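This briefing covers the secondary structure, surface, salt bridges and aromatic contacts of the chain shown below.

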Amino acid sequence: ETPQLPSLDKTDLAFSEGSQSLYKPEPLENVLNGDVLNILKVTIFFQLSERAAMDASYVQELDGILKEARTIENHLKQKRESLKQRFTVIANTL
């Protein structure tokens, strides 16, 4: 005995025809354009992220420079006060 293959009845045929009519393949150009746009979006996102990271590192570097400048400024102010006091002592002894 040979096994029987399932036969397509009218509802199966209508379903398969209906599903084909619902699926309309997009032209390759549209698919590629969409992919290219997604690639461009991702590329731009990563470039902006890198720039933001660079900007953040510049801000940190500038903060470090400003902190060092303030430390030097305070040190120079203390030296100036020290020199003023020494000159006052010298002037008073003369």
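The chain contains 2 helices and 0 strands, where helices (H or I, at least four residues) and strands (E, at least two) are DSSP runs numbered from the N terminus. The model is predicted: local features require pLDDT of at least 70 and side-chain atom pairs count only at pLDDT 80 or more, whereas totals for chains, interfaces and linings use all residues. Residues are numbered from 1 along each chain as its sequence is written, and side-chain values use heavy atoms, with hydrogens and water left out.

**Burial and surface**
- Of the 94 residues in the chain, 0% count as buried; buried denotes under 20% relative accessible area, exposed over 50%, and partly exposed in between (1.4 Å probe, protein chains only).
- The chain has an accessible surface of about 9,500 Å², and carbon and sulfur atoms account for 62% of that area. Accessible areas come from the Shrake-Rupley method with a 1.4 Å probe, and for residues only the protein chains shown count as cover.

**Nonpolar patch**
- V36, L37, L40, I44 and L48 make a nonpolar surface patch of about 460 Å². Patches consist of residues with over 30% relative accessible area and no salt bridge, joining like charges within 9 Å and nonpolar side chains (Val, Leu, Ile, Met, Phe, Trp, Tyr) within 5 Å.
- L48 is situated in helix 2 (residues 28-93), and L48 counts as exposed because its relative accessibility is 51%.

**Salt bridges**
- The structure holds 2 salt bridges, each defined as a side-chain nitrogen of Lys or Arg within 4 Å of a carboxyl oxygen of Asp or Glu.
- E73 is bridged to K77, with 3.8 Å between the closest N and O atoms. Both E73 and K77 belong to helix 2, where they are 4 residues apart, about one turn of the helix.
- E73 has a relative accessible area of 42% and is therefore partly exposed; K77, at 41%, is likewise partly exposed.
- K84 is bridged to E81, the closest N and O atoms being 3.8 Å apart. K84 and E81 also lie in helix 2, 3 residues apart, about one turn of the helix.
- K84 is partly exposed at 45% relative accessibility, and E81 is partly exposed with a relative accessible area of 38%.

**Aromatic pair**
- The structure holds 1 aromatic pair. The ring centres of F45 and F46 are 5.7 Å apart and the planes meet at 65°, so the pair is edge-to-face.
- Rings of Phe, Tyr and Trp (its six-membered ring) pair if their centres lie within 6.5 Å; planes under 30 degrees apart count as stacked, over 60 as edge-to-face and the rest as tilted.
- F45 counts as exposed because its relative accessibility is 53%.
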